[in-house]
Amino acid sequence: LEKIPSSVKGGVPTLPELQHRFEPIKQLCRQAAMVPEGSGLGGQILGYVFSSILIAPPSSRVDGNPDELSLARAHSFVQQGDLDSAVKELDNLKGQAFFVAKDWKEAAATRAIVDQVVRILKVECALMNENMSGSSD
(Lines give C-alpha, C1' and ligand atoms only; values in the text may rest on other atoms or scores of the structure.)
Protein backbone atom coordinates (compact mmCIF):
# COMPACT_ATOMS: atom_id res chain seq x y z
CA LEU A 1 0.00 0.00 0.00
CA GLU A 2 2.99 2.31 0.43
CA LYS A 3 3.37 2.37 -3.37
CA ILE A 4 0.08 4.23 -3.80
CA PRO A 5 0.81 7.94 -4.33
CA SER A 6 -0.83 10.42 -1.98
CA SER A 7 -2.46 12.07 -5.01
CA VAL A 8 -5.08 9.28 -5.12
CA LYS A 9 -6.96 10.91 -2.25
CA GLY A 10 -8.59 13.18 -4.83
CA GLY A 11 -9.46 10.21 -7.02
CA VAL A 12 -7.80 8.40 -9.88
CA PRO A 13 -8.98 8.67 -13.48
CA THR A 14 -10.40 5.49 -14.96
CA LEU A 15 -8.91 3.80 -18.01
CA PRO A 16 -11.71 5.12 -20.30
CA GLU A 17 -11.14 8.65 -18.96
CA LEU A 18 -7.41 8.39 -19.65
CA GLN A 19 -8.07 6.99 -23.12
CA HIS A 20 -10.39 9.91 -23.86
CA ARG A 21 -7.96 12.48 -22.43
CA PHE A 22 -5.07 11.05 -24.48
CA GLU A 23 -6.43 12.16 -27.85
CA PRO A 24 -6.00 15.93 -27.33
CA ILE A 25 -2.69 15.35 -25.51
CA LYS A 26 -1.42 13.35 -28.47
CA GLN A 27 -2.33 16.18 -30.86
CA LEU A 28 -0.66 18.80 -28.64
CA CYS A 29 2.45 16.62 -28.35
CA ARG A 30 2.59 16.25 -32.16
CA GLN A 31 2.34 20.01 -32.46
CA ALA A 32 5.05 20.57 -29.84
CA ALA A 33 7.32 17.95 -31.44
CA MET A 34 7.23 19.87 -34.73
CA VAL A 35 8.39 23.15 -33.18
CA PRO A 36 12.09 23.70 -33.86
CA GLU A 37 14.11 24.30 -30.69
CA GLY A 38 14.43 27.99 -29.80
CA SER A 39 12.24 29.14 -32.69
CA GLY A 40 9.81 31.32 -30.72
CA LEU A 41 6.33 32.25 -31.93
CA GLY A 42 7.10 31.52 -35.59
CA GLY A 43 8.09 27.98 -34.67
CA GLN A 44 4.92 27.56 -32.63
CA ILE A 45 2.86 28.56 -35.66
CA LEU A 46 4.83 26.20 -37.91
CA GLY A 47 4.36 23.35 -35.43
CA TYR A 48 0.62 23.98 -35.40
CA VAL A 49 0.42 24.07 -39.21
CA PHE A 50 2.58 20.97 -39.72
CA SER A 51 0.73 18.95 -37.08
CA SER A 52 -2.56 19.88 -38.74
CA ILE A 53 -1.61 18.84 -42.27
CA LEU A 54 0.75 15.89 -41.72
CA ILE A 55 -0.70 12.44 -41.08
CA ALA A 56 0.57 10.64 -37.99
CA PRO A 57 2.59 7.51 -38.85
CA PRO A 58 1.30 4.06 -37.87
CA SER A 59 2.87 2.55 -34.77
CA SER A 60 4.43 -0.24 -36.85
CA ARG A 61 6.59 2.16 -38.90
CA VAL A 62 10.22 2.05 -37.83
CA ASP A 63 11.62 5.20 -39.45
CA GLY A 64 10.78 8.88 -39.16
CA ASN A 65 10.52 11.43 -36.36
CA PRO A 66 11.21 9.65 -33.04
CA ASP A 67 8.61 11.73 -31.19
CA GLU A 68 5.96 10.89 -33.79
CA LEU A 69 6.78 7.21 -33.51
CA SER A 70 6.70 7.28 -29.70
CA LEU A 71 3.30 8.99 -29.84
CA ALA A 72 1.98 6.43 -32.33
CA ARG A 73 3.16 3.53 -30.18
CA ALA A 74 1.85 5.19 -27.01
CA HIS A 75 -1.52 5.71 -28.72
CA SER A 76 -1.66 2.02 -29.60
CA PHE A 77 -0.82 1.03 -26.01
CA VAL A 78 -3.45 3.41 -24.63
CA GLN A 79 -6.08 1.88 -26.90
CA GLN A 80 -5.08 -1.59 -25.66
CA GLY A 81 -5.29 -0.45 -22.04
CA ASP A 82 -1.55 -0.93 -21.44
CA LEU A 83 -0.82 2.25 -19.50
CA ASP A 84 2.62 1.15 -18.28
CA SER A 85 3.88 0.73 -21.85
CA ALA A 86 2.23 3.98 -22.95
CA VAL A 87 3.99 5.89 -20.16
CA LYS A 88 7.34 4.28 -21.10
CA GLU A 89 6.86 5.38 -24.72
CA LEU A 90 5.98 8.92 -23.69
CA ASP A 91 9.15 9.03 -21.58
CA ASN A 92 11.03 8.97 -24.92
CA LEU A 93 9.59 12.33 -25.98
CA LYS A 94 11.94 15.29 -26.13
CA GLY A 95 11.58 19.02 -25.47
CA GLN A 96 8.14 20.60 -25.37
CA ALA A 97 6.39 17.34 -26.31
CA PHE A 98 7.77 15.75 -23.12
CA PHE A 99 6.46 18.66 -21.06
CA VAL A 100 3.00 18.57 -22.73
CA ALA A 101 2.56 14.88 -21.86
CA LYS A 102 3.72 15.25 -18.24
CA ASP A 103 0.35 15.54 -16.46
CA TRP A 104 -1.26 12.76 -18.50
CA LYS A 105 1.74 10.50 -17.82
CA GLU A 106 1.50 11.12 -14.08
CA ALA A 107 -2.22 10.31 -14.07
CA ALA A 108 -1.67 7.17 -16.15
CA ALA A 109 1.21 6.02 -13.95
CA THR A 110 -0.95 6.53 -10.85
CA ARG A 111 -3.79 4.52 -12.45
CA ALA A 112 -1.34 1.73 -13.30
CA ILE A 113 -0.01 1.64 -9.71
CA VAL A 114 -3.52 1.55 -8.24
CA ASP A 115 -4.50 -1.26 -10.63
CA GLN A 116 -1.41 -3.22 -9.63
CA VAL A 117 -2.13 -2.78 -5.91
CA VAL A 118 -5.76 -3.86 -6.42
CA ARG A 119 -4.59 -7.02 -8.25
CA ILE A 120 -2.17 -7.82 -5.40
CA LEU A 121 -4.87 -7.26 -2.78
CA LYS A 122 -7.28 -9.54 -4.65
CA VAL A 123 -4.67 -12.30 -4.76
CA GLU A 124 -3.87 -11.88 -1.08
CA CYS A 125 -7.59 -11.96 -0.19
CA ALA A 126 -8.08 -15.10 -2.26
CA LEU A 127 -5.12 -16.76 -0.54
CA MET A 128 -6.41 -15.75 2.90
CA ASN A 129 -9.86 -17.06 1.99
CA GLU A 130 -8.37 -20.35 0.80
CA ASN A 131 -6.29 -20.69 3.97
CA MET A 132 -9.30 -19.96 6.18
CA SER A 133 -11.54 -22.42 4.38
CA GLY A 134 -8.79 -25.06 4.42
CA SER A 135 -8.13 -24.69 8.14
CA SER A 136 -11.75 -25.35 9.15
CA ASP A 137 -11.68 -28.97 7.91
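## A first look at helix α4

Which residues are buried in helix α4 (residues 83-90)? They are Leu83, Ala86, Val87, Glu89 and Leu90, where buried stands for under 20% relative accessible area, exposed for over 50% and partly exposed for anything in between (1.4 Å probe, protein chains only). Looking down the axis of α4, these buried residues fall within an arc of 160°, so they line one face of the helix; the arc is taken from the directions that run from the helix axis to the C-beta atoms.

## About the model

This is a predicted model, in which local features need pLDDT of at least 70 and side-chain atom pairs count only at pLDDT 80 or more, while totals for chains, interfaces and linings use all residues. Residues are numbered from 1 along each chain as its sequence is written, and side-chain values use heavy atoms, leaving out hydrogens and water.

## The overall picture

The protein has five helices and zero strands, giving the pattern α-α-α-α-α along the sequence. Helices (H or I, at least four residues) and strands (E, at least two) are DSSP runs, numbered from the N terminus.

Of the 137 residues in the protein, 31% are buried. The accessible surface comes to about 8800 Å², with 59% belonging to carbon and sulfur atoms; areas come from the Shrake-Rupley method with a 1.4 Å probe, and for residues only the protein chains shown count as cover. Among contacts (heavy atoms within 4.5 Å) between residues at least 6 apart in sequence, 59% join residues at least 24 apart.

## How α1 meets α3

Two packed helices are described by the angle and the distance between their axes. The axes of α1 (residues 15-33) and α3 (residues 66-80) come within 10 Å and cross at roughly 175°. That makes α1 roughly antiparallel to α3. Axes are lines fitted to C-alpha atoms, for helices over the stretch in contact, with angles from 0 to 180 degrees between N-to-C directions; under 35 degrees counts as roughly parallel, over 145 as roughly antiparallel, 65 to 115 as roughly perpendicular and the rest as oblique.

On the α1 side, the residues in contact include Phe22, Cys29 and Arg30, and on the α3 side they include Leu71, His75 and Val78. The contact has six nonpolar, three polar and five charged residues. Here Ala, Val, Leu, Ile, Met, Phe, Trp, Tyr, Cys and Pro count as nonpolar, Asp, Glu, Lys and Arg as charged, and the others, Gly among them, as polar.

Arg30 of α1 is buried, with a relative accessible area of 5%. Its C-alpha atom lies 9.8 Å from that of Gln96, 66 residues apart along the chain.

## How α3 meets α4

The axes of α3 and α4 come within 8 Å and cross at roughly 170°. These two helices are therefore roughly antiparallel to each other. Among the residues making the contact are Phe77 of α3 and Leu90 of α4.

Leu69, also in α3, is buried at a relative accessible area of 6%.
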